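Work through these exercises with the model open beside you. Try each task before reading its solution.

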Amino acid sequence: MALPKLRAALMAAASPFILAPVAAAQDAAGPRQVEVITVTAQQREQSLQDVPIAVSAFNQAQLESSGVRDIKDLIVLAPGLMVTSTQSETITTARVRGVGTVGDNFGLESSVGVYIDGVFRARNGVGFGDLGELQRIEVLRGPQGTLFGKNTSAGVLNIITQAPEFEFGGTAELQIGNYDLRRVSGSITGPIVDDVLAFRLFAVTNQRDGFTTLNVRDASGDRVRDSETQDYYSIRGQLLWTPSDTVTGRIIADFSDRSEFCCSAVQWDYDPTIAGIVGSLGGQVLSPANPSARQAFANNEYRQDVTDWGLSAQFDVDFGEANLTSITAYRRWENERTQDIDYSSLDIAQRADGNFTDLGRFSQEFRLQGVRGNLDWLVGAFYSREELELGDAIRFGTQWEPFLGILLTAPSGAPTPTGVRDTIFNLTGGAVDIPFGSAIPGGSGVSQDLYDQTATSWAAFTHNTYAFTDRFSVTAGLRYTREEKDVTASFSTNSPPACAALEGAFGFNPVAGWVQAATAMGLPAAQITGGAVAIGNICLPYARSGLDNTGYDQSRTDEEWSGTLRAQYDLTDEVMVYAGWSRGFKAGGFNLDRQFNGPVGATGYTNVDTSFAPETISAWEAGFKSRLFGNVLQLNGNFFYQDIEDFQLNTFNGTAFVVESVEEARSYGAEFDFLWATPVEGLDISGGYAYVNTLYETVNTGDGLIDALEGESFSLSPEHFLNLAVNYEASLGGNLITRMGFDTRYVSGYNTGSDNDPEKFQSAFTLLNARIGIGSNDERWFLELWGRNLTDETYAQVAFDAFAQGRRGQAGADAGEWTQPRNTASYNAFLGAPRTYGITLRSRF
């Protein structure tokens, strides 16, 4: 068919769907308008357009249309937001404007705070889960130091769930999809005592097969399992108490249980030499690596069991000229998991039974606020006590030393020059023998690390707005925070035979002991360096016993002032501009991982210091908010610049996590979002764009791995984010309606590794979701067909160095100058979700 005829045919086919609603819109009394969005970003109910901070808000309809169930789903709507998971979905990190907590270490608090119904969740991963019935989610960008109970340095995800109602009603929902997804949820709400006491009860259960095929090889043979499964249930009960016109209470109790098989890492880029070694010992490797195949390997089955429960009570009392708010909460989060940490079918190393996290937190917040003349004032206080118990159990497998024996003497890519193995053999009296090209008998050793940390925090804050005129006002806030942390740690190590022999020969620091002994013998520098590399591989941190007899007991106190100063001016009734400064603070803490940096005595390391400094952000921001064309278009934008001091960076070096503070870093850019009520009745278009430029400016840690980042961008921080959502609703007659829409998210390329190794780079990609449904006009029933990641993009959430399987070298502090070719190291990656689709049947009554 000729092009003009094809175009005419398409227009004729489309005209009933396009021209009819346009004509209806033209016959209407006036143009459609954007609904007013009410937010509590400043702990007051305000229109989104009147708040002089960068905030995006999404109501129940938007969240439901986009299928938002947890904080990771939110990225499809919020430009500039990144949420990633790694070893398990409980290790989830949110980033705003490029800033977020880096690494899988509970010793670091979250840079982006997650609040659910006014209660702070102690870590982003603790806030991960099925959010249930949502009323609204607000994404606040930049430091929020004077408004939310627990100070956060980078931003806040403020999540508000549906409250009880005095009118009886409820919902039921059934969802089925590929990967055998089965999700059932329901709620009921209504009065207990008319106009005095109401309740709401919500429950959900969800099961789904895994996205990854896990090939397990152990003593019982080969078998295939699904990984990245879902299996959880959650229940939330609420009471709303209104004994008078001046008192409102909301009491919430919730419980969740997750029992899942998560998460496996696929081979992202595998060194041919290491692939050959794994194959020679009977292991399975995809050669070349093929992430899109979603094939993973292990020598044991592993699990994740999480229980999460909490109680909270919020009371609001109206005294006439002032309102008092009290929020009291206790939350408990427990996690047990096992894991194959080398992600291969060889028995190299694994997290064994005894790996757990128990986190309990009590918090109390008071806010008193009111209006006096032109002054809108608020004062408050916050207290919290957190108790964290963490156990980390690493078992070296029976093939650890055979694997290491071949790796350290391999003819290709060998990290040790010829003669090193013989020298080590001689200096240890023959106790450590690494024969060339053959395996040595290997035993197994188990380490068990136990940490007990207590954190007590209190703060006083104020946040006030003074209106000088009807159009010009100034907001000023100030906060004082004091946080005390105490941690004790004990260690128990059953070293593999080779490391035990090296410690016997060279002391608790076998690398330093080797260098001293080899230097005294007058060995060439190449042999000394090669031996140090070899011994460092043999005696990985979890194999060393230098902390066993000493452990440590540390404490620290951080005090900090933070605040904000902003001015806003209404150019017209439809356009407001604002500018200001804010300072956020995140307390320092302790690296809850093995760290050998104290003096070495007769019994081991003493006076070990694992602390790191507080992280502070000073942010400057200027922006505008507008309602244009009679509130048909809502358009907001801002420009920001952030100075970051002592950025807390947690880097995995292939064997352990290293926490260091980057002295100076910065982030700057621009953010825009819009919501358009189009002339077509029922058609709404929304979206946003964010440009984020990040840089490590001054890095002076003394650690070559970290210092090499100077002049580099942050990991997991794309420069460009683009989000677009189109939603359409129309009547079909006969009490039937249809809804359809799509949302898409584009991000430019970015590095997923905290060391910015170029092999961990993720190219730009786009995610596309769509849905179409039909139902009754009164929403008694609604049936929807949906799909997510429709183009089946394969992308890495995080790529990382494969455990003890090589590492590329970098040239000192010259950022980006990687001196070794990529095939001297192997990489694994945790992937994002593939294409999923299904149907949802929903009922409201």
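**Exercise 1. Find the handedness of the crossing of H6 and H7, then describe their packing.**

Step 1. The crossing of H6 and H7 is left-handed. A left-handed crossing has the near helix turned anticlockwise from the far one by less than a right angle; clockwise makes it right-handed.

Step 2. Locate the helices. H6 covers residues 497–506, and H7 covers residues 510–520. Helices (H or I, at least four residues) and strands (E, at least two) are DSSP runs, numbered from the N terminus.

Step 3. Take the geometry. The angle is about 50°, and the axes lie 9 Å apart. Axes are lines fitted to C-alpha atoms, for helices over the stretch in contact, and angles run from 0 to 180 degrees between N-to-C directions.

Step 4. Name the arrangement. H6 and H7 are therefore oblique to each other. Under 35 degrees counts as roughly parallel, over 145 as roughly antiparallel, 65 to 115 as roughly perpendicular, and the rest as oblique.

This is a predicted model: local features need pLDDT of at least 70, side-chain atom pairs count only at pLDDT 80 or more, and totals for chains, interfaces and linings use all residues. Residues are numbered from 1 along each chain as its sequence is written, and side-chain values use heavy atoms, with hydrogens and water left out.

**Exercise 2. Describe how H7 packs against H8.**

Step 1. H8 spans residues 525–538. Its angle with H7 is about 155°, with the axes 9 Å apart.

Step 2. H7 and H8 are therefore roughly antiparallel. Their crossing is right-handed.

Step 3. List the contact (heavy atoms within 4.5 Å). H7 brings Pro510, Val511, Trp514, Val515, Ala518 and Thr519. H8 brings Gln527, Ile528, Gly531, Ala532, Ile535 and Gly536.

**Exercise 3. Describe the disulfide of Cys262 and Cys263.**

Step 1. A disulfide is a pair of cysteine sulfur atoms within 2.5 Å. Here the sulfur atoms are 1.8 Å apart.

Step 2. The link has 45° about the S-S bond and is right-handed.
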